[in-house]
Every structure is written in C-alpha cells, then in structure tokens.
Amino acid sequence: MPDTIPDIAIDTVSLHVLKDTVLHLSDSIRIGFSSFEYIPTDSSRLFFDVAIPAGVGQPGQLAEGFSGTLLPFSPTIQSVFFLLFTLCFVVAAFWFNREGPTLAANFRNIFSGGVRNRTIFKEEITATALWSEFFLIFQTVLILTIVSFTFFWDKGISGLSLMEMMLLFLATFLGILLFLAIKYLVYRLIDYIFIEWRLGEWTGKYFRIVELLGVLMFVPAMFFVFVPEFSKVVLFLLIIIFFIIMCVVFWNLLNVFAKNNVGLLNYFLYLCAIEIVPFFLIYKGVFFLVNIAGN
C-alpha cells in the first residue's frame with residue numbers, strides 16, 4: 001500500500017532558537033495601570049512599527065501639548081470655587097433679568113452726583129429690588145473673600161488642613177461682612193450727630209458702589225483664581241478696579257460735602273478716619289489672621 005501521507009518539511013531550526021525568536025517577537029502592546037505607554041508608528045504615520053518596543057519612540061511622534069501652570073489648590077477647593085462662581089453667575093443673571101432697569105438706574109445714579117429720581121426710588125423699594133441688592137452685596141463679599149484666600153494661599157494657608165481652610169474662609173467672609181455692617185452703623189451715627197452733613201442719602205449710594213465693585217470684579221476674579229499664568233496681571237487689574245471705585249467714593253463724598261456747605265477740612269478728616277484708615281487696619285488684620293492660622 002502506497003504512502004498517502006505527504007512529506008512534511010522538517011524545520012531545521014533548533015527548538016531553543018525558535019523559543020528565543022518567539023520571545024523576541026512577543027507582542028509589543030503592554031497593558032498596565034502605571035505609566036502611560038504608547039506604540040510608535042513607522043515613517044508613514046499610519047501603521048505601528050512593531051520593530052520598536054512599546055514606550056520608545058522618536059521625538060515628535062506624539063503631540064507634546066501645551067505647557068501650563070497647575071492650580072495651587074486641591075481638586076476639592078477648585079470645585080468649590082467653581083461652583084460658587086457658577087452660582088453667583090446664575091443668580092445674578094436671574095436678578096438682572098427681573099430687575100435690570102432698576103439696577104442699571106442705581107448704577108447710573110452713582111455717577112450722576114445729584115439727587116435720585118423719584119420714579120427710580122419708588123422702584124427700588126420693592127421686595128425683589130431689595131433682594132437683588134442684598135445678593136449683589138453678598139456677591140461682592142464672596143468675591144473679595146475668594147480673591148483674598150487665593151492671594152494668601154502661599155503665605156500660610158496652603159499648610160492648613162481642609163477644616164482649618166474652611167474655618168479661615170468663613171472667618172474672612174464674616175469679617176468683610178462685619179466691616180460693611182460697621183460702616184453702615186458709622187454712617188448712621190454720623191448722620192445722627194452731624195445732621196447738617198446729610199449723609200443719609202450717601203449711605204444708600206455707598207452700598208450701590210459696593211454692588212458695582214462685585215460686578216466689575218467678577219470676571220477678573222475668575223481669571224485670578226483659575227488662570228494662574230496671568231495672576232500678576234489680573235491682580236494689577238483688580239487693584240486698578242479697587243482704586244477706581246475708591247475715586248468714585250471720594251468724588252461722591254465731595255459732592256455731598258460741597259452741596260451741604262461742609263468745610264474742606266472736615267471732608268479730608270472724614271476721608272482719613274472713615275474711608276482710608278479702615279482698609280489699612282483690615283490689611284494688617286488679615287495678615288495677622290493668616291500668620292496665626294499658619295502657625
């Protein structure tokens with residue numbers, strides 16, 4: 001009976017050589033959960049180059065991306081700040097949609113230097129207008145707190161625990177709010193003692209200026225917190241906005257004192273004692289608070 005089994009070519013390569021070759025040509029795709037690895041491509045940039053081990057490639061085969069500055073905060077603080085800015089934006093949009101003409105008239109009245117229009121006054125005493133003004137003051141205090149927290153981050157705050165950071169943030173917020181409350185009481189007291197100065201109208205205008213400060217600082221404050229590459233430029237812009245607001249305060253007070261025939265000496269004494277000196281005290285107090293928290 002003839003042999004029907006065809007001849008099979010016998011591999012002349014020894015087994016140990018084949019074993020080494022198989023090991024050398026092992027799959028170059030590495031699966032792991034440690035560092036990122038990639039498979040380099042050939043010159044056509046369409047196919048993988050299996051001759052080069054995974055994770056090794058020539059420069060330029062992968063896009064290097066854009067270099068940036070990492071945010072100094074933890075992801076938790078970043079998320080909280082982002083949610084606070086988003087909340088302010090949404091609520092402010094709601095109030096401006098409902099009370100836009102009244103709020104715009106209030107801001108125009110800041111630069112008018114005269115007596116408020118009677119129709120504007122009637123609109124401002126509505127409940128929705130009052131709530132919108134309260135929110136704008138709250139927004140200003142919140143933005144000032146976030147900016148202060150970011151500015152003093154590398155001056156002692158970064159070494160605190162999360163609970164200590166929350167307490168310091170809350171203390172700064174309540175401190176600024178207390179400062180505005182004291183300013184209101186001082187204005188009312190001066191208006192009661194020096195009736196001829198007639199600062200009652202100025203009290204309302206001052207808090208309109210505080211509301212305007214929060215509106216002007218909103219976008220620069222977001223850049224100051226979330227774009228650290230331009231933090232110095234944005235900080236300079238925030239300082240300019242603050243000085244412009246202070247000039248508006250001085251100009252409105254000058255109009256009030258000139259309209260009521262109050263002496264120029266009383267005007268300068270009032271500015272130094274009520275408007276300028278408290279900011280230096282607050283600056284020193286915040287530094288003192290941060291140093292205590294850092295230690």
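# Close-up views of an all-helix model

**View 1. The lining of the largest pocket is sorted by residue type.** It holds 33 nonpolar, five polar and two charged residues. Ala, Val, Leu, Ile, Met, Phe, Trp, Tyr, Cys and Pro count as nonpolar; Asp, Glu, Lys and Arg count as charged; the others, Gly among them, count as polar. This is a predicted model, where local features need pLDDT of at least 70, side-chain atom pairs count only at pLDDT 80 or more, and totals for chains, interfaces and linings use all residues. Residues are numbered from 1 along each chain as its sequence is written, and side-chain values use heavy atoms, without hydrogens or water.

**View 2. The largest pocket has a volume of about 1,400 Å³.** Among its 40 lining residues, Leu144, Ser148, Phe242, Phe279 and Ile282 are the closest to its centre. A pocket is an open set of points on a 1 Å grid over the protein atoms alone, where a 1.4 Å probe fits, with protein on both sides within 12 Å along at least five of seven lines. Lining residues have an atom within 4 Å of a point. Points are joined across faces, edges and corners, and the volume is the space filled by probe spheres set on them.

**View 3. Five helices each supply at least two residues of the pocket lining.** They are H4 (127-151), H5 (162-193), H6 (200-226), H7 (231-259) and H8 (264-294). Which helix gives the largest share? H8 does, with 11 residues. Helices are DSSP runs (H or I, at least four residues), and strands are DSSP runs too (E, at least two), numbered from the N terminus.

**View 4. Serine 132 sits in helix H4.** Serine 132 has a relative accessible area of 0%, so it is buried. Buried means under 20% relative accessible area, exposed over 50%, and partly exposed in between (1.4 Å probe, protein chains only). Setting aside residues up to four places away in sequence, serine 132 touches Trp95, Glu99 and Leu103. Contact means heavy atoms within 4.5 Å.

**View 5. Glutamate 99 lies in helix H2 (residues 75-110).** Is glutamate 99 buried or exposed? Glutamate 99 counts as buried, because its relative accessibility is 10%. Apart from neighbours within four places in sequence, glutamate 99 contacts Thr128, Ala129 and Ser132. Glutamate 99 and serine 132 are 33 residues apart in sequence, and 7.5 Å apart in space, C-alpha to C-alpha.

**View 6. The protein chain has eight helices and zero strands.** Of its 295 residues, 33% are buried.
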